Amino acid sequence: MSERLAYGGRLIDRTCEISFTFNGREMKGYAGDTLASGLLANNQVLVGRSFKYHRPRGIVASGPEEPNALMNLGKGSTFEPNARATTTEIFDGLTARSQNHWPSLEFDVGAVNAIMPLAFPAGFYYKTFISPRAAWKHLYEPFIRKTAGLGDAPDAATRDADRYEYFYAHTDVMVVGGGIAGLAAARAAARSGVRVLVMEQSAHWGGRAPVDGASVDGKTADKWVKEGIDELSRMPNVRLRLRMMGTGIYDHGFALGYERLSDHKGAAGTLRHRLWHIRAGRIITATGAIERPLSFAGNDVPGVMLASAVRDYAVNYGVGVGKRVVVATNNDDAYRTALLLKDAKVEVPCIIDARPDPKGTLPEKARAAGIRILAGKAVSTAYGSKRLTSVGVCAQDSDGRKTAEFECDALAMSGGWSPVVHLWSHCGGKLTWDADRAMFRPDHDDLPPSGADGIGLVLAAGTADGEMRTAAVLENAHAAGLRAAGVIAFSDGAGTAAAEAPYDGPSGTDAGEAPMLPVWQMPARLSKKAMLKTWLDYQNDVKVSDVRLAAREGFESVEHTKRYTTLGMATDQGKLSNINGIAILADSLGADIPDVGTTTFRPPYQPVSMGVIAGEAHGTIFKPMRRSPMHDWIDANGGFWEPVADWRRPYCFRQPGESVRDAVTREILSVRENVGLLDASTLGKIIVKGPDAGKFLDMLYTNMMSTLKVGHCRYGLMCSENGFLSDDGVVARLDKDTFLCHTTSGGSDRIHAWMEEWLQTEWWDWKVYTVNVTEQYAQIGIVGPNARRVLEKMGTHMDLSAEALPFMAFGNGKIGGIKARLYRISFSGELSYEAAVPANQAMAFWEKALEAGVGFGITPYGTEALHVMRAEKGFIMIGDETDGTVIPQDLGLNRMISKKKDDFLGKRAQERSFMKDPNRWKLVGLETMDPQEVIPDGAYAVDGHLRHNGVRNMIGRITSTYYSPTLKRSVALGLVERGPDRMGEIITFTNPGGQEIEAKIVDPVFLDKEGARQNV
Amino acid sequence: MSNAVSVLGGAGFSGIIRVVDAGVTGMITLRGDLACPKIAGAVKATVGVNLPQARNITQNGHNGAGWMSSDELLLTCPYEEACTKVEKLEEALKGEYFLVADVSDARARFTLTGAAVREVLAKGSPADLSPGAWPVGELRRTRLGQVAVAFWLRDDITAELVCFRSLGKFVWDWLNVTAGDDVPGYF
């Protein structure tokens, strides 16, 4: 059984007991425990079921590489699936549930899969569920998703109780990893005065060295780390962050850090995670290494663990993972585990060493301690189901015939170490295969991932650079720190010239280590039957047999094999399985490991929370929303909102008990009969000024603007270079050199950028300045037969008569005491004014207008009434009548295309043959035969023919369609093939789910063609 | 001008810093050749400050001149004076190639006070806001979360921030969230 040892546990506080629950069972741990050490202290080795076969699985590792111990943590608004027990710190009240089993962890129906491992070989899903086609979606996939999958999905209706945020930091040197290498590198860099940011993913500084018994500068690693942290924390140029993971490295020195602020406190509703966006001059990855499992039959039985993890649990948490622990290894390092256990009075029946003649310092110590060493031996099979019971032993150089068996309840295995090269590789760092140490390590001969100056951006340090001995680790890391700070040159001579100074970095000592023996499967001639039980990837249930089968089926590329077998595709991204899988693939293909290569390392190094990706952007600040000065008034007065670009505009104003449609009808009739009040503030407004402003606008608009008289307005169209309509609006000439261009609500920023692009890149020598003043002015429309009376009642010295202020003119003055520019323009066909007033005074103006309009039936109206009224008049709307494929000529706006101008944007494109095709769909009005019937928006006109592909031939489509309360019938605008030539013709429109609709082609102006209503 | 109201009507709140809607402020955009001595003279005569160096703002009480780009200045003054100052500039620069526009109503302005002011802004701005990189008097045009802003330090613990008026409420809400209760402790 696993249990708390009588002593030990450098990271726990035995005076502070903590309660937590696992699958509803209350357990006790100590402050400082991880969930994994807490579970092991309570003899809970079995922690989950495997993904495919539902095999019982136990804790394997002690860090972020853990593949099995994934938990559903918390509940309700603090629920989180797939949390790693090994990186979860316990707190009082923590609740954890194991995953991927039904009905219970102890008894799982799905485990029947495990009886027939042959039934689930590599590519099983691809091969089995291929037919019938429809069954995948409706039968297979739903079933597989239910039985497979890892953690539960959070409840859709429950909201995350916690908060998240971003933080942007700049630093000269960023150090990832707070072990002795990271601290040595940080200290070397920091002493030169540069800004240094050091991050450590766990809650403690020091990394592995204190557990492994290294000594630095003649002190224990613990003592040296403590002194180093003291020194660094006193330096004003150094920032130290614990519980912060280096997540990803990107181009140009950009990196992400994932800081976990409150996971260990268990307090809901607090700032939980922070995503650091870091710009670093240099990045040092002192990320250490991960121990590899050994591939033998039954290596997934709970109780089989990494040797280093067994050591960690004993030293860091005072937890013994078993009463009798066998050690299996191919290297000296695992002997540390055996010696440590022996010291802790745990029985170690034997060390199974694949090497024929282990005789380094550590094996000699083990012998001296009386531990039996089985040299040249391998594990033939690990026995047990929910817990290891015994280990069979065979010769490594054999096909697995068992020669002995040892009872035990834990097995500490070590297949060697793989440097954590992920971050080095994120930004393009290459790897080289070190055959002696059997590891991929950063390749310094190839180009490193480089920064803006062309010099290496990422520097791997210490064990992450492939150094396995304490002295070499420190020397390497110290140099990395000096290089990153620009004190010494890079090994290829790049960067600062080398300062010839004696080494002044830390010195280290450890027990010597004899060479390891690469062992990719145990025993060397693993039988086919044993391969079926020999796991490479615990989390995705990929076995040696799967990779070998993939190779036989022709998957030679490591990337293809990965996807076919799902090796390394689980949430741990193959941290344990990657190298072992590549080695098996290489062996199957008869290739060398470096020739097979690795899969691609991509960010994030470890999964990060979904919440932190959103950061602070949720709730009210999920997305920016632009508000007009009248926003709050509209909201309080029945405004029924619709989004228009980033703005909100009222679709209509609903009175109590009124339907949306009734409100729209009321608003239209009020405008047509009395007067309406419109918030048009969202319209874009851009000042264009300079001696060349007229020339510039003549290029931007299709019609002539330079001839516009001061004090007057002109409607204009803008096209892209390809001739398609892009925006429209009214241009007012303020003085000889100054124009004010109105754009659509969605177009203000885009058109301003469009203007600046042409001015800055093509016509840089034209004397034109632009300023976007959209937000400076609120624009308030006073529209309808009583409009003039309302303005007069508000009080103004301006002469509003038709003679003094005719249609398409504007004047400046004060209305109701507020400075205004008053345009006489109309988008409804009524007598209509738009007053531009300073935004800060807009609400005062609005209220004055409402007050003055009381006796005139003034009615605030929304965008739908606006749309209906403009459609009644046949006015086009950018985005309705246009969709990026429509030219002005399609809309019957030929009169807006100046023939006097040599050029304008879009002119040449509109000369293309396709644009001149007489069969283009063109704008017409459409009247349904039944006046009460409204054609659905977007409906297609069909001519009764079928195209070669069986689709009905379409000859047009609806672009705007409404019921007109004014005309008491439906009106529609549409684009129809040769439409204007077919006046009076009746055509058919599709109507999904209903009867097809017939409509007559008519003139697009339905109301007051002569303009009598507005010319008063 | 008694009708003029700023976006938040002068509201304020205190979290890890104090955030206050600074009320209506006179702001004028001046585009032109900043090397032209007439521009410097007109600015000095109108708002009483010298032209700022690139990326800086020169200030004297409510009046100031901020460098927005190589051909654009942001002039600040009391709200009531913006109109006459625009006219004064138009007059002073007559015959030159320039553009002056009153943008006092186009923007919201907030005053942020507290030792953690850099920390709060760095939750939304990718600019380097460390004391060495962002000194007092430097104007940064940048973003805050998802929206465009400009800000400068009046003194070590006081920042002025301007954004578009329509986004004033959004920026206010954003500051309410990010200036709530957690100081990253980086600067």
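The legends below describe several views of a predicted model with chains A and B.

Residues are numbered from 1 along each chain as its sequence is written, while chains are lettered from A and ligands numbered from 1 in the order in which they are written. Since the model is predicted, local features need pLDDT of at least 70 and side-chain atom pairs count only at pLDDT 80 or more, whereas totals for chains, interfaces and linings use all residues.

**View 1. Chain A as a whole.**
The C-alpha trace of chain A spans about 115 × 70 × 55 Å along its principal axes, and the chain holds 25 helices and 52 strands; helices (H or I, at least four residues) and strands (E, at least two) are DSSP runs, numbered from the N terminus. Of its 1016 residues, 54% count as buried, a residue being buried if 20 or more other C-beta atoms lie within 10 Å of its own, exposed if 12 or fewer and partly exposed in between, with C-beta atoms placed from the backbone. Among the contacts in chain A with a separation of 6 or more, 66% join residues 24 or more positions apart, where two residues are in contact if their C-beta atoms, placed from the backbone, lie within 7 Å.

**View 2. Domains 3 and 4 of chain A.**
Chain A is divided into domain 1 (3–112), domain 2 (163–289 + 419–509), domain 3 (293–415), domain 4 (521–589), domain 5 (684–772) and domain 6 (917–1002), with bounds that come from an automatic or database domain assignment. The C-alpha centres of domain 3 and domain 4 of chain A lie 23 Å apart, and 20 residues of domain 3 are in contact with 16 residues of domain 4. On the domain 3 side, the elements that give two or more residues are strand 23 (377–384) and strand 24 (388–395) of chain A, and strand 23 provides the largest share, three residues. This side of domain 3 divides into nine nonpolar, eight polar and three charged residues; Ala, Val, Leu, Ile, Met, Phe, Trp, Tyr, Cys and Pro count as nonpolar, Asp, Glu, Lys and Arg as charged, and the others, Gly among them, as polar.

**View 3. The two domains of chain B.**
In chain B the assignment gives domain 1 (12–23 + 107–178) and domain 2 (26–102), whose C-alpha centres are separated by 23 Å. Six residues of domain 1 of chain B are in contact with seven residues of domain 2 of chain B, and the domain 1 side comprises two nonpolar, one polar and three charged residues.

**View 4. Where chain B meets chain A.**
Here 37 residues of chain B are in contact with 36 residues of chain A. Strand 3 (26–32), strand 7 (98–102) and helix 4 (168–178) of chain B each supply at least two residues of the chain B side, and helix 4 gives the most, with six residues. The chain B side divides into 19 nonpolar, nine polar and nine charged residues.

**View 5. A:Ile780 and the largest nonpolar core.**
A nonpolar core is a set of buried Ala, Val, Leu, Ile, Met, Phe, Trp, Tyr and Cys residues joined through C-beta atoms within 7 Å. Of the 343 residues in the largest such core, A:Ala185 and A:Ile780 touch the most other members. Not counting residues up to four places away in sequence, the residues that A:Ile780 touches include A:Leu677, A:Ala835, A:Phe845 and A:Trp846.

**View 6. The surroundings of A:Pro56.**
A:Pro56 lies in strand 5 (residues 56–58) of chain A and is buried because 25 other C-beta atoms lie within 10 Å. Leaving aside neighbours within four places in sequence, A:Pro56 is in contact with A:Leu46, A:Arg49, A:Pro302, A:Ser385 and A:Lys386.
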